[in-house]
Structures are given as structure tokens and as C-alpha cells.
Amino acid sequence: MTTFVDVEGAQLPVISDCDIVVVGAGPAGQAAAVSAARNGASVTLLERYHHLGGMASGGMVLVLDDMVNEGNEVVTTGIVDEFVDRLSKQDAAVFPPSEDCLTNWEMWKKWSRWGCIDFHQTGMPQPIIHAVAFDPDAWKRVALDMVVESKVNLRTHSWFSDVIREGGRITGVIAQTKQGRQVIRAKYVVDATGDLDVGAAAGAEYIDGQFIVTTVFRLANVDTQKAIDYEFAHPEEYKKLDREARRRIGGAWGMWWLKTPIDGVVWCNCPHMPGYDGISVEGMVTSEVEGRERMMKLYHFVKENMPGFEDAQMLGAAEQMGIRQTRLLQGEYVVTKDDVKSRRHFQDTVCRGRDYYTPYRALLPKGIDNLIVAGRHYSVESDAQKLSREIPPCMAQGEAAGVAAKLALEGNVALRDVDFTAIQKQMRAQGADPGDQPSPNALIEPVAAE
């Protein structure tokens, strides 16, 4: 028999009554759902699109980076490692072996077009580091396999609409579907929407952020070896063509095209378009139109002028707009740019990015007992988020959030009352580095006496 709840005079069906609901099935959300379910919680995963993976799949952000500290020390681990292993078994992931992680022109020529470089280093050639190029459709398959194997109750085609809140707790979330509004009741909620949709609806404090947006696209039938050989054999000529390509696209990273695991298919993480609001319908529509115009200008130019691209074909744009920053939680602790740049270590660190540490408090909103966030909308300053928003650390946040929610469930306590050392211990038990043991280059500040 279906249970109904009254929401502002409307009787809405309860389609799931679970321990934990995770809203958003991007990299952070899928990691949170799998982590919580593997630890014994009943989990519902809510996703607006027909696929899992968010920016990693539908958004086609096709390199996993921000995983290493100085000296190529791999520090962002756990579920992200499992993803790489599973992708590799499908021939859908490429990354350098440890013996190739060197700083010389031979390795640069071999690996730079895979995106496996330390782009934080200004000298050339930049070091080759552990980073992973992957295929977006394979990511969807791997994510689905892991969610199904973990017995997560998956609800795709379900757009988060609102929360049901009683005092300092969220008792349910409302999803808009083709069948109307539906309710998922849960004891704890993970906001993995990327835009703080749940937190904002629940009244959490936040700031509005903004960064460049991108209509990512791919080109097929590219002779990548010919293009690379031309770049090295004729560096000045290539630079002129590259500058003109950048002008046509109107903004790009240092390398506007990268190789992918599919032979002849290249990834173009551009154009860069500032000034657009990633939660505004008008802003997103306008940027989609502008982005497609720009990508076609680049396509026609390189097809006619750049060696290796003569037979290129437009494979198409990503299903999702590349949004980097919108709402940012202002929670129990707000991570600053100085925290990230100085590698500040926190006692309650529960996950790591490249060489920065994320405290548990930065995942927790103020005044809402059973909500935790995971992803690029965590509690952080705008300038700090631009340095700490990549996919692997977001997955680490999700894994930690899943552990934290299960521990809160076990203790029947508010999330802020969960012992962070218990989160650290469980993260290590499941193969993730929670950052409790800082690297030698971390900034360790003395603990104030009580």
C-alpha cells in the first residue's frame, strides 16, 4: 500500500523510506551512495539525468587529476581507485606507469596530450604525474555496476524539487518526475547536487559563486600522432596555428585538445566562457548557444589548417553544460584560499585533494542536524574552490560523507556529533586516505589547549 504525506495541501506518494538519501549521482554522489550502502545503510540515490557520473560522464570532464602531492605521492584514493581499476579492465582508462612519471621532454611528448602533467608547475617540461584519461560512456557503465552491486535504490529521471523539514532536521526530499511529485523519506541526507540545491532549499547559509562555463566537445578521426609530430618538428609554425585556434574558440587551457582512450577521438575542454550564471536558465541557454558557435569555428579552422585534423569530424558536445562554480556552502568551517595554498592540515581532515586537506566541518551546514554535503559546493571561499573542485577530491568527499552518515545513523546522533576519528578509521579500512596522516610538506599548526 502506498503511503502519502501532506505537503502544502497536496497528497504526495512516498516512494522510498530509507536510512540515507543521496541527491545527485555525479562523482561525489555515486561515491557517497556506494560508501554508505557498503557500510550497511539502506540508500536511495536521486538523479535528474538518465545516467550516472555527472561532470565525469555527461559533462565529459575526461581526466582525473588533483590526486598527487609533491613527488607524485598519490593521496586521493579509495572509491576513485576502484573506478580506475574497473575502467582499465574495459580498456577505457589510460595513465602513465610510475617509471614514466619523470620530468623530461621524452616523457612530455609521450604523456602530455593525455593530460597527465603537473599543470601547477610553470617550468617546461612539466612533470608527468599520476592522472587518468578515461572514456565517458565507460564511466556510466562502471558507476551503474557499482551502484547496482551495492544494492542502492536508484531513482534516475527524478529532479530534486524541495525538502520536507521539521525543526533542525530534514525528514524527506521531494522529486519532480513524469508521474508528478514524489517523496523520499530518509533519516540522513547527502547533498551531492554540485549547486547546493538541497542545502539552499533547507535554509543553509551559502554564497553565490561564479567561474567559467564550458560546452565540452569531442572530435573524431584525428591523426593524433601526426599532430604531435608536427608540434615538435615545427614548434614555431605550430604555435601560430595554436594561437589562431585559441582565438577562434575564445578561451582554453594550455592544451585545448587531449587524447582519449578511443583512437582518433580527442577531447576539447573549451571554450571558456566567463560571466554566465550556472543556475540561471537564461544564462545556461545563452552559453549553450554561444559555446556551440565557438566550437564550430574552431572545428572548421583546424580541419582546414592543422596537420592531423584534416579528416576530423565533429563528434558532438557533452550532454551537460560544464559548470564549475555556483552556490557554495558556508558551513561549520569555511576553507580559505590560504588553507589550500599553504597545505594547512586539520585535525578533523576526512579526505584529501592534491596537496590540500578537507576538514569534516567543511561538509556540514550550520543548524541542520542530518544534512551533509559532498562535491564542488562544499564550505569554501570562491577563490579556494577554484583550486579544490576536481573530480577525485569530490569523490573522496562523497566517500567520507557516506561513512559519516552511516556512523550518525548507528549512533542516532546529529552529523556534527559524529567522531571524526571514526570516519578516518573507516575511510582507511576501505582503502581511502582520509588525510589524518599529513604529508611532510603540510602546514601543521599547534592544537590549542583546552
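Helices (H or I, at least four residues) and strands (E, at least two) are DSSP runs numbered from the N terminus. By this assignment, the protein has 12 helices and 23 strands. Its radius of gyration, taken over C-alpha atoms, is 22 Å, close to the 22 Å given for 450 residues by the globule rule, so the protein is as compact as a globular protein of that length; the rule is 2.2 Å times the number of residues to the power 0.38.

The model is predicted: local features need pLDDT of at least 70 and side-chain atom pairs count only at pLDDT 80 or more, while totals for chains, interfaces and linings use all residues. Residues are numbered from 1 along each chain as its sequence is written, and side-chain values use heavy atoms, with hydrogens and water left out.

Of the 450 residues, 58% count as buried (under 20% relative accessible area, with a 1.4 Å probe and protein chains only). Contacts are defined by heavy atoms within 4.5 Å. Among contacts between residues at least 6 apart in sequence, 72% join residues at least 24 apart. The C-alpha atoms fill a box of roughly 65 × 55 × 40 Å along the principal axes.

Thr76 is found in the loop between strand E6 (73-74) and helix H2 (79-89). This residue is buried, with a relative accessible area of 0%. A polar atom of the Thr76 side chain lies 3.4 Å from the backbone oxygen of Asp66. Leaving aside neighbours within four places in sequence, Thr76 is in contact with residues including Asp66, Met67, Asp81, Arg352, Arg354 and Pro392.

Notes: Buried < 20%, exposed > 50% of the residue type's maximum accessible area, 1.4 Å probe, protein only. Polar contact = N/O pair within 3.5 Å; in protein donor to acceptor, adjacent residues only side chain to side chain.
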